[in-house]
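Hello,

Please find the structure below.

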Amino acid sequence: MSRHFQALAGIGLALGGTLAVPSIASAQYNRVPDPNATRVLVAVFKAGEKGLGVQAADAVRSRMNSEFPFKQVYVLPKTDINATLEASGFSITDALESHDQRALATLLRADEYVTGTATKTATGVKVDANLVLARDNALVQPIGSYEVKSVGDAAGAISKELKEARKQLDAEKKCINSARDQKYDAAIAAAKEGIVLYPRATLARICMANVMITQKAPVADQLAIAKEIVAIDPRSRPGLAILASSYRALGQQDSAVVALTRLLATDPKNPRLQKDVVEELASVANPRLAKPVIDTAVMLNPGDPDLLRLRWRILLATKDYKEAFTQGDELVKLDTSFADTTYFSLSAAAMAADSQFQKAAEMAAMGIAKFPGNAALTFTQIVALQKAGQNQQSLEALDKAIAAKVPVENASYLRVSLLKDLNRSAEILPAARAMIAAGDTTTALRQMVVGIANEQRVAASKSNNPDDFATAVGTLKFADSVTTGAAKAQAQFLLGATYVAFGQLKLSQAQTQKQCAPAKEAKDMFADAQIMLPKGGATAVDAMRQLMGAVMQLDPAADQMIKAFCK
């Protein structure tokens, strides 16, 4: 219910629970309505021409009042409607939004209301009309579209079709009540009865579809009834929702995208619907199919910010980045509140995906300036700066975030990788050790430790320096102690391989210097290699076998040198 109608309803309750609406009715409305009569409101039709919407509503109201049995259908007087609108601060000549139409109907205790559009044509007018159930403005029965000479002619056709359309209503109520009592077979039978009485029935079909969903009927059957609803009413929110859900369940993602986009176009200002549809669109396989649908909706509703927002999201999803950035800029100019965390995060991520890393970092920085401490924006800025080659600025931004206790994703790994990119080798391993000791549990950081250790191993093999080998062994032992799974197996294999190479160096040293100590060290390393290589052997089976073969040949040589030099 709108703000204005809520206020007026509150006044009514304060006066004793019943709102007293002034009524200066004409003679035809002086009759007291039958308490069992259905109360029907005819709202001002939407129209581009001033006064045309009022004329259309007046004509329909007048025709219904003269043609519908008074004891069965009570058409709410225009005077009552206008008095309520004026008391609520609404114009009596402008069409209401759909939620306000429902609020007005509820306030006037209407069971149903008739609404529509009216436009001038070269030969007269075109009038479209719908019957809506006041209990839920998504429950719509299209009455028809009529191109005629005058609103009076249209009113006659609308009144005639309304009589036919309303034949389904008793059956629809039976369907609803039976479903509420969990009498599902009776509910389906009632819905079918309503369809027989009015073959173009959407209301009876919607009830049937909801019962089928509750009963978990085959998805193909749900899809079939949804198609019938949408064929009659292409803007049916329940029909499109069931259609999209059925397509998704059947794996027909492209069709689901089209249905979802059409669904949001029916009520683009509904925040819950917008959230649900956007999330669904983001998860389907091919959002590109949504683009022509949303383009058409934007064309038909120029300047509608809600549709423009959805178009922006779809452009991002389809990777039409340049168009998306332009659309985003226009939206911010149109409504500064659009520049929220979502706008900055998605825009920066899209710029990064488009390899515009410097712009991505700048966009993220703008977002952080407006929303300090936002973890997602901070992460995006740091990574974008890193990919833009600005590693020092990236590290400074990260250290600033860590100091401010901003929970940046993978902060430890990012910091170590930045130190590595900056060639600050002496700081890398101590930083990793400190982070792990402080409780960091990220797998990526541990995998980086293994990678650093392997680089040290390769460097030692090239330098053939005992100190370099000792450094590599120490790092690999640390990696073995802090890793699990595949990373641990890799660390163990590399450690075994390092022992073999380091042992060979020691063995050569023992032979050259005729010394006992290096021969014993080599012996110990070959023993350790025989333990570690099989543990990590699954990492590189062939290499493990070759290294084990080498150890089998080197170990006896170590024994011989120990015998020769250790006396």
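**Notes on the structure**

Helix H22 covers residues 443–463, and its 21 residues should span 30 Å at 1.5 Å a residue; the end C-alpha atoms are 30 Å apart, so the two values agree. The expected span of a helix is 1.5 Å times one less than its number of residues. Helices here are DSSP runs (H or I, at least four residues), numbered from the N terminus.

This is a predicted model, in which local features need pLDDT of at least 70 and side-chain atom pairs count only at pLDDT 80 or more, while totals for chains, interfaces and linings use all residues. Residues are numbered from 1 along each chain as its sequence is written, and side-chain values use heavy atoms, with hydrogens and water left out.

**Confidence**

The protein has a mean pLDDT of 88, and 92% of its residues reach 70 or more. Over residues 6–29 the pLDDT falls below 50, and this stretch has 30 contacts in the model beyond near neighbours in sequence. Here pLDDT is the predictor's confidence in each residue, from 0 to 100, and a contact means heavy atoms within 4.5 Å.

**More on H22**

Among the buried residues of H22 are Leu-445, Arg-446, Met-448 and Gln-456. Buried means under 20% relative accessible area, exposed over 50%, and partly exposed in between (1.4 Å probe, protein chains only). The buried residues of H22 pack against helix H20 (411–421), helix H21 (425–437), helix H23 (466–482) and H24. Just after H22, Asn-464 takes a positive phi of about 55 degrees.

**Cores**

The largest nonpolar core has 150 residues, and Phe-45, Met-64 and Val-114 have the most contacts inside it. Helix H24 (residues 485–513) gives the most to this core, with ten residues. Apart from this core lies another, of 17 residues, including Phe-70 and Leu-108. A nonpolar core is a set of buried Ala, Val, Leu, Ile, Met, Phe, Trp, Tyr and Cys residues joined through side-chain atoms within 4.5 Å.

Val-114 touches several residues, including Val-40, Phe-45, Met-64 and Leu-162, not counting residues up to four places away in sequence.

**Two buried residues**

Glu-172 is found in helix H6 (residues 169–180). Glu-172 counts as buried because its relative accessible area is 3%. The side chains of Glu-172 and Arg-135 are joined by a polar contact of 2.4 Å. A polar contact is a pair of N or O atoms within 3.5 Å; within protein, one must be able to donate a hydrogen and the other to accept it, and residues adjacent in sequence count only if both atoms are side-chain atoms. Leaving out residues up to four places away in sequence, Glu-172 touches Leu-133, Arg-135, Leu-203, Ala-204 and Cys-207.

Ala-558 is in helix H26 (residues 541–565), and is buried because its relative accessibility is 0%. With residues up to four places away in sequence not counted, Ala-558 touches Leu-507, Ala-519, Lys-523 and Phe-526. Ala-558 and Lys-535 are 23 residues apart in sequence and 23 Å apart in space, C-alpha to C-alpha.

**Two loop lysines**

Lys-216 lies in the loop between helix H8 (203–214) and helix H9 (219–232). Lys-216 has a positive phi of about 55 degrees although it is not a glycine, and is exposed, with a relative accessible area of 72%.

Lys-514 is in the loop between H24 and helix H25 (516–535). Phi of Lys-514 is positive, near 55 degrees, in a residue other than glycine. With a relative accessible area of 57%, Lys-514 is exposed.

Regards
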